[in-house]
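Okay, everyone, let's get started.

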Amino acid sequence: MTAVTQRPADAASAASSAGGAPTLPPGIDLKKLAERAVVPLRHPLRWVITALVLVLLLNVGQTLFTNPSWEWAKVGQWFFSPAILKGLQLTLLATGISAVVSFLGGIVVALGRLSGNPVLSTLSWLYIWLFRSVPLILVLIFLFNLGNLYPTVGVGIPFGPQWAVPTFTVLSPLVLGVIGLSLSEIAYSAEVVRSGVLAVDQGQHEAAKALGIPQRRQFSRIVLPQALRSIVPAYVNQIIGLLKASSLLFYVSLLDLFGVVQNLGSTYPTDIIPLLVVATIWYLILTSAISIVQYYIERFYARGSVRELPPTPLQQVRRRIASIRATTDAGRTIS
Amino acid sequence: MTATNTATAIEIHNATKSYGEKRVLKGVDLTVEAGTVTVILGPSGSGKSTLLRAINHLEKLDEGYVALNGELIGVRALLGRRSGDRLKELREKEILRQRAKIGFVFQNFNLFPHLTILENVSEAPISHGVKPKDAREHARVLLARVGLADKEGAYPRQLSGGQQQRVAIARALALEPEVILFDEPTSALDPELVGEVLSVIRTLAGSGKTLIVVTHEIGFAREVADRVVFMDDGLVVEEGTPAEVLSNPRNLRTQDFLSKVLA
């Protein structure tokens, strides 16, 4: 039954699969058609969607100027105000120090987890487990109550003489804040580093061993630079998360960018919207700056992994300008 | 190519190795004279790569030992213990020092992709304390010897497979090892690139280095080898000059393998 009722499409495919060129209406030469450029596939729907999205964006954009509640004049006033800049400075300081500390700490903990020493790898696993489980805000508040838990810190021989100082004379709120951020960040960056190290081909470890390269240099010169290629994007993600997580320092009475905005907002309740805009713009600027740095670091570690690196956006712009100049120069010489 | 110097370079005694239940090496004995070229042949899974990797201790043996010029590799004798005399594994640091005397060329080259060709070749000597300037100078000489003097600034992925393997050979030579081990050096290459790598190895063979080559290139074995070793199922089943093993194999499994390979 099925063999008898054959659909036209099947018939056509059967005909073409029989070999040779497809049949065209009489008088049309396929070879003639093939002489002209192939017409690329058009995407009309893309243009419709683009138009719709543009209309929506313009609508929202328009309200930015027509809605007086945005109060752009006040945004301008607050943007570089000393209080905001001071908060920004604290955000940068806390994020910067924590980023460096947690990267180095992450390498140490990752090496611990990867090591053949069962005590080290278990300890590292426990550390990661603990600080990934506890919310950052809890870690911070815990640390700020350290004075209640351990009024003094120091070293000594158990049950023997002790040397101790009051907790808060050695640990300022900023130091505690950075410690809190770093403790939790190390747990995440350790896993980022570990995944990067595992991504390096086993043959690389073997080649380094076969050449008798000392172990420390195997890691620093052969494994880590290759691992960084996959570590960098993931770790920059972590840093951006850290940048925003630093706003939690407000809850332990440290005035970072977000904290300052919160404070000013309660002092000047009418300025709350412009203040939020100020904070948003600053966070946008910081994240953009980090992304640009990321681009160049990734490029650096990509050397050797592709045959030729694609040009940077700046190089692209320069080349385009040069080519435009070249064509206009050519035009002039002809005329 | 008769070896006038009959000093033993490598002695392998009762090499035994298992991966879980699977016994890969079942007690291999092999002696390699200094300055000779030994080619190891055998079907895949016969344990030839494992044996080669055991020589520079990339694989630990369960029993048996490997000695280079009379020095045990990767282990030392532990004497006068109540539990009896036995072999004990060395510290990684010691093993790394020993490996500097044994060059190794991998099937997949394993060049360091983030380092230039010159850095690839000079890396090991620098890490062993040679002055960077001297190491680079020596590396240039070696690169010239494998015909890649003009590529020192390139990265490995910018080279063809044959060129990469030649860099890998230069890298293995950089430490001036007493022995060089080749683990199927041409198996990952396109057929037209095999020749350039084999000709570099041929030149080395003429220079008096001790070479051990695991390969499937029967023609190369016939031409360059002083000794041919045939392995099957974790054991050396036949050993002799190329003429003996390749032209008049006595062992049934050798005959079977050669008839398949040469067909």
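Chain A has 15 helices and two strands, where helices (H or I, at least four residues) and strands (E, at least two) are DSSP runs, numbered from the N terminus. Along the principal axes, the C-alpha trace of chain A spans about 105 × 70 × 65 Å. Buried residues make up 24% of chain A, buried being 20 or more other C-beta atoms within 10 Å of a residue's own, with C-beta atoms placed from the backbone.

Quick word on what you're looking at: this is a predicted model, where local features need pLDDT of at least 70, side-chain atom pairs count only at pLDDT 80 or more, and totals for chains, interfaces and linings use all residues. Residues are numbered from 1 along each chain as its sequence is written, while chains are lettered from A and ligands numbered from 1 in the order in which they are written.

Now over to chain B. There's an open sheet of six strands there, ordered 8-9-10-3-11-12, with mixed pairing; two strands pair if DSSP finds at least two bridges between them. Which are the edge strands? Strand 8 (102-105) and strand 12 (235-240) of chain B, each pairing on one side only.

Further in, strand 3 (residues 37-41) of chain B runs parallel to strand 10 (residues 210-214) of chain B, joined by four bridges. Val37(B) stands opposite Leu211(B) there.

Key. Buried ≥ 20, exposed ≤ 12 C-beta atoms within 10 Å, placed from the backbone.
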